[in-house]
Amino acid sequence: MTKYGSFPGTRPRRLRTTPVMRRMVAETRLHPADLILPAFIREGAGEPVPVAAMPGVVQHTRDSLKKAALEAVEAGISGIMLFGVPEEAKKDAQGTAGTDPDGILQVALRDVRAEVGDDLLVMSDLCLDEFTDHGHCGVLDAEGRVDNDATLERYAEMAQVQADAGAHVVGPSGMMDGQIGVIRDALDQIGREDVAILAYTAKYSSAFYGPFREAVASSLQGDRKTYQQDPANWRESLRELELDLAEGADMVMVKPAGPYLDILARVADAVDVPVAAYQISGEYSMIEAAAEKGWIDRDRAIFETLTGIKRAGARTILTYWATEVAQKLRRSPFTS
């Protein structure tokens, strides 16, 4: 065969010949410590309630949540992000169950913290949408619009009760302007300087949240396009990033993960704080549904998507497969 340039002297395929070779030269590696498990706690549940749109995911009872937290510790993942699902009768326009010290999320935080101590980062979703009867992430004004500044007052109170309940990290997910600064001040005012803030910096208005709405029994009326980001924009994310860091965010997040890997890469390149990405419910459900029909290899698809998210720049990934993936990584760290 005639040589063209350096061929056949240079053959990149030599570095793909065996699993051990591929493992040695792999540029991106998943580790259990990269992962955080989102989990739902349902008030009054006598047994775990399956989420139909998310096969394998449940709304936990208090006991099953504690068991899941212990499994997460044993698997070696870093954290568990808790979402509360109150009884329908306890939802109101102000989302008061979210700031009640005895509300289901605060109860769950105390339960899990008592169960795992500091062996697992106990994290809490700081948002009103699960607790309001209208399903929005904030309180509404007289014209039915989300009132940004009135919502910040509610967030400040939420941060304090969640910290008092044992949260190591709070995750403000409502995309209100100024939320990070207000929450940081609220935490510091009660001597909770050690509670970290994971800012949902770039949270896009996405169709992929659909299954999550079932998981939290959402009462959403309308949409969230006035406060979540427009999928068409990327510069806006960098503006949000600059503001969150200036207000005191300890970590930042891009959500969803898969459809926004370009945003994730830009954010990761721009900062020196830890960057997280949330592989959300729709991303999870698509793989589970396609695998159930035999259209894709489930495990390969899971690891491929997670590797892609990490390769794009995420140091931490929130995924509903966190414990399962971590268990498999502990058995076989190289999955290619």
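Visitor: Taking helices as DSSP runs of H or I with at least four residues, and strands as E runs of at least two, both numbered from the N terminus, what covers the buried residues of helix 10?

Guide: The cover includes helix 8 (261-270), helix 9 (281-292) and helix 11 (322-331), together with strand 9 (275-278) and strand 10 (316-318), where covering rests on contact, that is, heavy atoms within 4.5 Å. Please bear in mind that this is a predicted model, in which local features need pLDDT of at least 70 and side-chain atom pairs pLDDT 80 or more, while totals for chains, interfaces and linings use all residues. Residues are numbered from 1 along each chain as its sequence is written, and side-chain values use heavy atoms, with hydrogens and water left out.

Visitor: Fine, and which residues of helix 10 are buried?

Guide: They are A301, I302, F303, L306, G308, I309 and A312, buried being under 20% relative accessible area, exposed over 50% and partly exposed in between, with a 1.4 Å probe and protein chains only.

Visitor: How far does helix 10 reach from its first C-alpha to its last?

Guide: Helix 10, which runs over residues 298-312 and has 15 residues, reaches 21 Å, close to the 21 Å expected at 1.5 Å a residue, the expected span being 1.5 Å times one less than the number of residues.

Visitor: Switching to the core, which residues have the most contacts inside the largest nonpolar one?

Guide: Those are I77, I80, L82, Y155 and Y278, in a core of 95 residues, where a nonpolar core joins buried Ala, Val, Leu, Ile, Met, Phe, Trp, Tyr and Cys through side-chain atoms within 4.5 Å.

Visitor: What is I77 in contact with?

Guide: Once its neighbours within four places in sequence are set aside, I77 is in contact with P32, L35, L37, A72 and L120, and also with A322, T323 and A326.

Visitor: Another spot, E87: where does that sit?

Guide: E87 is found in the loop that links strand 4 (79-85) to helix 3 (104-116).

Visitor: Why is E87 called partly exposed, not buried or exposed?

Guide: E87 gets that label because its relative accessible area is 36%.

Visitor: And which residues does E87 touch beyond its sequence neighbours?

Guide: Leaving aside residues within four places in sequence, E87 is in contact with E43 and G44; the C-alpha of A45, 42 residues away along the chain, is separated from that of E87 by 9.5 Å.
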